[in-house]
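Good morning. Please have the sequence and the model open while I talk.

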Amino acid sequence: MAKKRPQVALVYDFDGTLSPGNMQEFGFIQATGKTKDEFWEKNRKFAEGKDANGILTYMYLMLDEAKKNNISLTRESFQKFGKDVELFRGVKQWFSLVNEYGNSIGLDVKHYINSSGLKEMIEGTPIAHEFENIYACSFLYNKEGTAYWPAVAVDYTTKTQFLFKINKGIKQVSDNRRVNQYIPDEKRPIPFPRMIYFGDGETDVPCMKMVKEHGGHSIAVYDNEDKQKTACQLVKEGRVNFMCSANYSKGSVMNIIVKRILDKIKADFEFDRLIELNQKKRLLNYGRKRAKEGSLPVKFQMFFIPHYI
């Protein structure tokens, strides 16, 4: 039987991490007749005026503006907008590149999205099929297939919850029972030390810090001078391990760093396995010796003396 490969999770924010800007800016906002600055300023004032969650208000504004401008609110329409979302250099080839390397050193690499963006739009991008699961904002739809209310709103605190779902192998957003259920670390499909988190903005900081503090690795992604300054600050504050420009091409700094992290994950896994095997062997030898000497209680001897002895 083939030895089971350790699973590794690469978890990505979307806007600003895999794609420049916010996904609503690649067609949807323009269809409403507004500029991106006008839309987000309206959202900011609305959220502050109502003392509301900015994620929920942007979802409300999307529904409101779509109705006003006769924009279809079906899942398929959101997915069509997703097709026009731009991606950073090398992103389309990134997943096969990392999967191939992981496979070559004996790792099972899985990719996840953890985003405050819209799941339906991400589903329309050419990379949607690369992800094991997409944790992101989404809408409820009526019998006619029209969006009418937020189903999931993802802010910085919700993002940390999804890390635990990945850690415990839970795909359903609605499953709040298992995410709070105690599972020993060794029984969890993807321990935190085998996670790599990619993020760029404020909503990612709690996740990046949490992954790092639990033994995993976090990477702050930047594509302009302001974000580079933010990434530098995050490194100085010890919230992330690395900072990289948003270039996912083969041979890029991002590619080299992730390969070295994967090497470390594999080496740590083999080291821990060696310790476990060594301890089991020493315990077995000790038990055999005590049993032969007659100093081991009879009720325990059966566990240490193989039947062929």
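I will go from the whole chain to a few of its parts.

This is a predicted model. The chain has 309 residues, and 47% of them count as buried. It holds twelve helices and seven strands. The accessible surface comes to about 16700 Å², and carbon and sulfur atoms account for 52% of that. Now take the contacts between residues at least 6 apart in sequence: 59% of them join residues at least 24 apart.

Next, the aromatic rings. A pair of aromatic rings is described by the distance of the centres and the angle of the planes. The structure holds 14 aromatic pairs. Take W94 and F198: their ring centres are 6.3 Å apart and their planes stand at 80 degrees, so this pair is edge-to-face, the cut-off being over 60 degrees. W94 belongs to helix α5, residues 91-104, and F198 to strand β5, residues 195-199, so the pair ties together parts that are 104 residues apart in sequence. Both W94 and F198 are buried.

A second pair is F164 with F192, where the centres are 5.3 Å apart and the planes are at 75 degrees, so it is edge-to-face too. This pair also links distant parts of the chain, with F164 in helix α7 and F192 in the loop between α8 and β5, 28 residues apart. F164 counts as partly exposed, because its relative accessibility is 28%.

Back to W94 and F198 for a moment. They belong to one aromatic cluster, together with Y12, F95, F131 and Y248.

Now the strands. Strand β5 pairs with β6 in the parallel sense, over four bridges. Within that pairing, G199 stands opposite A220 in β6. Strand β6 covers residues 217-222, and six of its six residues are buried. In a regular strand the side chains alternate between the two faces of the sheet.

K227 lies in helix α10, residues 225-236. K227 is partly exposed, because its relative accessible area is 23%. Its C-alpha atom is separated by 8.2 Å from that of G201, which is 26 residues away along the chain.

The other strand pair I want to show is β3 with β4. Strand β3, residues 133-141, runs antiparallel to β4, and four bridges join them. The two form a hairpin with five residues between them, and in the turn G145 has a positive phi of about 85 degrees. L140 has W149 in β4 as its bridge partner. Which residues make the nonpolar surface patch here? L140, Y148 and W149 do, and the patch is about 340 Å². Y148 is in β4, residues 147-152, and counts as partly exposed because its relative accessibility is 42%.

Last, the salt bridges. Side chains of opposite charge can pair when their charged atoms come close. The count here comes to 22 salt bridges. In one of them the side chains of R44 and E48 meet, at 3.0 Å from N to O. Both lie in helix α2, residues 36-50, four residues apart, which is about one turn of the helix. R44 counts as partly exposed because its relative accessibility is 37%, while E48, at 54%, counts as exposed because the cut-off is over 50%. R44 and E48 are also linked with E41 and K45 in a network of salt bridges.

Another salt bridge joins E123 and R75, with the closest N and O atoms 3.3 Å apart. E123 is in helix α6, residues 119-123, and R75 in helix α4, residues 75-82, so this pair ties together parts that are 48 residues apart in sequence. E123 is partly exposed at 27% relative accessible area, and R75 is partly exposed at 30%.

That is the end of the list.

Note on methods:
Residues numbered from 1 in each chain as written. Predicted model: local features only at pLDDT ≥ 70, side-chain atom pairs only at ≥ 80, totals over all residues. Heavy atoms only, no water. Patch = residues over 30% accessible without salt bridge, like charges linked within 9 Å, V, L, I, M, F, W, Y side chains within 5 Å. Areas by Shrake-Rupley, 256 points an atom, 1.4 Å probe, with all protein chains shown as cover. Salt bridge = Lys/Arg side-chain N within 4 Å of Asp/Glu carboxyl O. Buried < 20%, exposed > 50% of the residue type's maximum accessible area, 1.4 Å probe, protein only. Pairing = 2+ DSSP bridges. Contact = heavy atoms within 4.5 Å. Phe/Tyr/Trp six-rings, centres within 6.5 Å; stacked < 30°, edge-to-face > 60°.
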